[in-house]
Amino acid sequence: VLSNKPRKKKKKRKTRKALAEETVEDNDLEDIDTLLEKIEDTSGLWQQAQSGIIAESRPLLYVEHRNLNPENELKRYFGARTVLGDQRPRQRQRQHIRSTWLTVPKNTWPRYGKTGIAMQLVDTRRGVQYFTFEHHREYQQVQFKFLDAVESMDPNNIVLLLQMNPYHVDSLLQLSDVCRMQEDQDMARDLIERALYSMESAFHPVFSLTSGTCRLDYRRPENRAFFLALFKHLMFLEKRGCPRTALEFCKLILSLDPENDPLCVLLMIDFLSLRAREYTFLIRMFQEWESHRNLSQLPNFAFSVPLAYFFLSQQEERSELELSQAREKATQLIQLALVMFPSVLMPLLDHCSVQPDARVANHSFFRLNAQISQPPALNQLTCLYVGRTHSLWKDPAVMAWLETNVHEVLCMVDAQDPLVEESERKRKMRYQSAPRNIYRHIILSEMKEATAALPLEVTSQPVMGFDPLPPLDSIVSYTRPERTTHPSNESTLSLFFRSLLPNFNLQEDLRPDGDEEAGAGQDLNQGVNRLMAAMRDMLANIQFQEPPRDDNPEGDGDWD
């Protein structure tokens, strides 16, 4: 009896605890939005406190494996039981043996085999390793068939090609765009993940995703698919509500070629940092790269960095000295941004559905003239920034802070501060034409405001989803064989009869050598004879059906 008493007490205690947890869960479910905000706040502050010391010692573009999995981010928000569900038992039956970091293989995917893609180490300089993907001969043949399918303008041909080659990367990228246009987002995302799985399976043993010292040259067509697959996957992650995972993929893309940045992810890394509440990372990047990359000359960094300082100044757990320093830095940088890029303010307020006061609306510095007078390249950058990040500025506290600094800038303009004139001179000298990677980024981002501002030389040329705006200095390792075409000197009459009779060829028996004048009459007679024979065959196959006769040919009566 004595041995059973503690067991009963323990059981009762456990039951009370379970009942208390159920009561707490019922109360919390009444306000899900508040719960999610609390989870985001606590997790974000915990991460910053834990990784603040370690982050400074790591390279700026250091990538963590655990942050590449969106399930880890979703589990922080909703819990492992909600995210995983019944996936755990199924993973034991998974037929894919190879584990990857970029994606998680699915049971619905075809069995992976040798695709004909490999990765080679090209060079090592100053601790940086340069790699490249290579296409074997069989993969090159599939690539040629893919180009034929694209030229046919029929997505069904790409589907047939994927049935025979389920891990052909360019076909997966192109078909993903088709599915996305047809509002099939799940299938579009699944195809991109399959492309990433195919390319990661071909990695070189030394290639590292996390070191930040492995490079890929975008000028090589074999490498472009990896860049594009990462970018499209990043876009899906951001729309799915996983900004921290999307930021990690953005860092990965930038680490593959930080000098050239072929997809210009610098135009969106600030937005992902703010959404993921990685304010210290964004500020550190601005401090380390401003001296050699002039990040303040990009409107997105000019406005997002002071916004990051402002958000830091709102965190109560920091010391009063840190809060005052963050507020001072935020005020200084936002005023510089408004002076340098005055055309951002009015579209930003319009997207946020905020009406400016009379002084701001009537002042010439921020009116429509500021947008019309700016160079076209600057207009594309401002449209891209406003269209992408306007939701971050809708917070009433942010708007009140922005309004105060806008009035301070107007005082500077009225006082004819020399900084205002100098900024205007810089705007006129710079931003005359945007580099090709910015155009490529705008096309891939599909922001309506920025796409409408693209120049005619970009919009007039065809843009393929598997290779948008290829570099002009591409390094081509193999070329597509020339396709057999019909003779270009065929007459209009000959092309017309060929459209009616595909087997007809007026110039079939033309001899490449010999006397042309002597054979001209004979060739013409042979061509006419073939034409007449083809016409006789066509007429012989035509059957005319007689109309039915009426038994009373005289008719039943008069016409009315």
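**Reading a predicted model**

A: Take helix H7 (residues 155-164), whose buried residues are Ile158, Leu161 and Leu162. They lie on the same side of H7, because they span an arc of only 100 degrees around the axis; the arc is taken from the directions from the helix axis to the C-beta atoms. Buried means under 20% relative accessible area, exposed over 50%, and partly exposed in between, with a 1.4 Å probe and protein chains only. Helices (H or I, at least four residues) and strands (E, at least two) are DSSP runs, numbered from the N terminus. This is a predicted model, in which local features need pLDDT of at least 70 and side-chain atom pairs count only at pLDDT 80 or more, while totals for chains, interfaces and linings use all residues. Residues are numbered from 1 along each chain as its sequence is written, and side-chain values use heavy atoms, with hydrogens and water left out.

Q: Which residues are exposed on the other side of H7, and what covers its buried residues?

A: Asn156, Gln163 and Met164 are exposed there. The cover over the buried residues includes helix H6 (137-151) and helix H8 (169-181).

Q: How is a nonpolar core read, and which residues of the largest one touch the most other members?

A: In soluble globular proteins, nonpolar side chains tend to be buried together. A nonpolar core is a set of buried Ala, Val, Leu, Ile, Met, Phe, Trp, Tyr and Cys residues joined through side-chain atoms within 4.5 Å. Here the largest has 134 residues, and those touching the most other members are Leu102, Phe226, Phe301, Phe303, Phe366, Trp393 and Leu402. Helix H10 (residues 221-240) supplies the largest share of this core, 11 residues. At least three residues come from each of domain 1 (57-79 + 101-259) and domain 2 (264-434); these bounds come from an automatic or database domain assignment.

Q: What is Phe366 in contact with, leaving aside neighbours within four places in sequence?

A: Contact means heavy atoms within 4.5 Å. The partners of Phe366 are Leu338, Pro342, Leu345, Met346, Val360, Val406, Val409 and Leu410.

Q: Where is confidence lowest and where is it highest?

A: pLDDT is the predictor's confidence in each residue, from 0 to 100. The chain averages 82, and 73% of the residues score at least 70. Confidence is lowest in helix H1 (residues 5-28), at a mean of 47, and highest in helix H12 (residues 269-275), at 98.
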